[in-house]
Amino acid sequence: MFKKTGREFLKGYRIDFWSFVTMVSLIYFAMFLIYPVGRLVFNAFQTKDAVGVFSFDNFIKFFSKPYYRNSVWNSVKVTFCATFLTVVIGVTLAYITTNFKIKGIKAVNILIIISMFSPPFIGAYSWILLLGRAGVITKFLKNNFGIDLPTIYGFNGILLVFTLKLFPYIYMYTKGALKKVDKALIEAAESLGDHGLKKVIKVSLPLVTPTILAGSAIVFLRAFADYGTPRLIGEGYTVMPVLIYNEWLSETGSNAYFASAIAFIMILVAIVVYMLQMYFSRKNYNMSMLNPPVPKPIKGAGAVFAHLFVYLVTLLATLPTAYITFISFKNFKSSSIMVEGFSLTNYVLAWNKAKGAILNTFKFGIISIIIIVLLGTMFAYVTVRRRNIFSRFLDACVQLPYVIPGTIYGLMLLISYNSGFLALSGGAILIITAYVIRRMPYTVRSSAAILRQINQNIEEASLSLGYSPVATFFKVTMPAMIPGVVSGAILSWITLIQELSATLMLYTSKTSTMATAIFQEVNRSAYGTAAALSTILTFTMVASLLLFFRITGNADVDM
């Protein structure tokens, strides 16, 4: 018995190419994830005045002052409210589009997906231009009807942007779950006299509730971690990511120890929510899929309501992007005053002012995506084909950045590599590292999913013919994985080129990107150039999404 266990142990940990890949991967994550997390936790229990002495003073200071406690309450309140509204809108939209025929539903789906992947801070910027103190809609209603709209700044604005930005996640998750509900269950409920809302509450909703709760956790995490939206539209409404950034760049001097303590609290909250998400994800019901639901024609008042709801939600979700694109071609006076006429002046100014940022976005993005594809496919192979304790730990390392907000991860890298024998701050290496670590999960998950569908006998046949494990992977396995790798890589690319939170902590004037340039231009009230840069970024994202649809052959994104 002992000898058998020993042979199994040796078989699982035999030294070969994949063992080498696993070890190198673990060293990589140890350097750029585990070590930074350890430094942040270590710093959280020290103070600026007593470095090296274990202390709870940072946490006592945080919870003893109303200003800091309010930031926690502000974050939780706006995040919870946004999550609730996204569930109401997303579930209603998913139910209508799954069960009833809606005209133009393919276009609606594509527009909603595009709105989901557009940078959230651009949405905040656009709503300021529409509903701000000098916004187009604000002035129109005031001048023509004497209507004073409530302020868009603070809680209201953040809630509006989060809701319209994040409801597509609930929509996509719930729609996918509703498509798996067996039609026979619905018909059985109708035969028992359950119709309308009663049928939804008794049959459909219980089946998709685990999916809705899991999607809600994703929405909560993304809203909880967002820095750009509350920074632009929040004004005096301070949330935790903004507080961390302010403490790091305080006018009275940077306090990395106190900022680390706040970040530590945020990570704990994020981990709790992530664990809940993992728990609810395991509760999904398995359906036979033999009788998937088919959208039915709808008539009368119901048809009017369904179409109005779907089109209104889609319009509100895409309005920020459409308006930013529109004003990017408008003429501006003194950068911020819109005047008559259209031209390409904003694009010329944007190129002259932010040429380096535009080129950096593509340069950093291309380098990052090459690393993500190479490492991501090998990580996927190790976690799927070579299951052992090291590969499981590697899998956990790949998923961990999912719960770490970008601002905090940037702070962690700065603390770890700001000085010493490996001083990397201020350079492109840390920015590319942040992109690779934070955006790799898309490629790993997509590559692992398609790898599980590939018959392992093909690889064994290649090995039996004398090919090495390395040659077998690159000549046999990887070509078969290409559809999954490419689709995952495109999603990684779309999200990394708009990365703002981590970049804001790491960039310098030489390593600025389009996201940071847009953020700076908005803060300077240079709306024309900000709109032009936003449109370039959005166009790049839309082109990437269309390529994704072309490669995958459908108009949906699997979440």
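Author: Let's start with Glu459 and Arg385, whose side chains meet in a salt bridge with N and O 3.0 Å apart. The two partners come from distant parts of the chain: Glu459 sits in helix α19 (residues 456-464) and Arg385 in helix α15 (residues 345-385), 74 residues apart. Both Glu459 and Arg385 are buried. Keep in mind that this is a predicted model.

Now move to Glu499, where two arginines come in. Arg438 forms a salt bridge with Glu499, and their closest N and O atoms are 3.2 Å apart. Because Arg438 belongs to helix α18 (residues 428-451) while Glu499 lies in the loop between α20 (469-496) and α21 (501-506), this pair ties together parts that are 61 residues apart in sequence. Arg438 and Glu499 are buried. Arg439 also meets Glu499 in a salt bridge, at 2.5 Å from N to O. This pair, too, links distant parts of the chain, with Arg439 in helix α18 and Glu499 in the loop between α20 and α21, 60 residues apart. Like Glu499, Arg439 is buried. Elsewhere, salt bridges with shared partners join Lys353, Glu521 and Arg524 into one network. Over the whole structure, a search finds seven salt bridges.

Next, the domains. The domain assignment gives domain 1 as 15-46 + 344-558 and domain 2 as 67-341. Taken over C-alpha atoms, the centres of domain 1 and domain 2 are 24 Å apart. In the interface, 52 residues of domain 1 are in contact with 48 residues of domain 2. Together the two domains bury about 4,400 Å² between them, and 75% of that is on carbon and sulfur atoms. Tyr402, Val403 and Tyr527 supply 12% of the area that domain 1 buries against domain 2, more than any other three residues.

And what of salt bridges here? Across the interface of domain 1 and domain 2 there are zero, though six residue pairs are in polar contact between domain 1 and domain 2. On the side of domain 1 that touches domain 2, helices that each supply at least two residues include α2 (17-44), α15, α20 and α21. The largest share of that side, 13 residues, comes from α23. By class, the side of domain 1 that touches domain 2 has 36 nonpolar, 15 polar and one charged residues.

Terms used: Residues numbered from 1 in each chain as written. Predicted model: local features only at pLDDT ≥ 70, side-chain atom pairs only at ≥ 80, totals over all residues. Heavy atoms only, no water. Salt bridge = Lys/Arg side-chain N within 4 Å of Asp/Glu carboxyl O. Helix = DSSP H or I, 4+ residues; strand = E, 2+ residues; numbered from the N terminus. Buried < 20%, exposed > 50% of the residue type's maximum accessible area, 1.4 Å probe, protein only. Domains from an automatic or database assignment. Contact = heavy atoms within 4.5 Å. Buried area = accessible area lost by both parts, 1.4 Å probe. Polar contact = N/O pair within 3.5 Å; in protein donor to acceptor, adjacent residues only side chain to side chain. Nonpolar A, V, L, I, M, F, W, Y, C, P; charged D, E, K, R; others polar.
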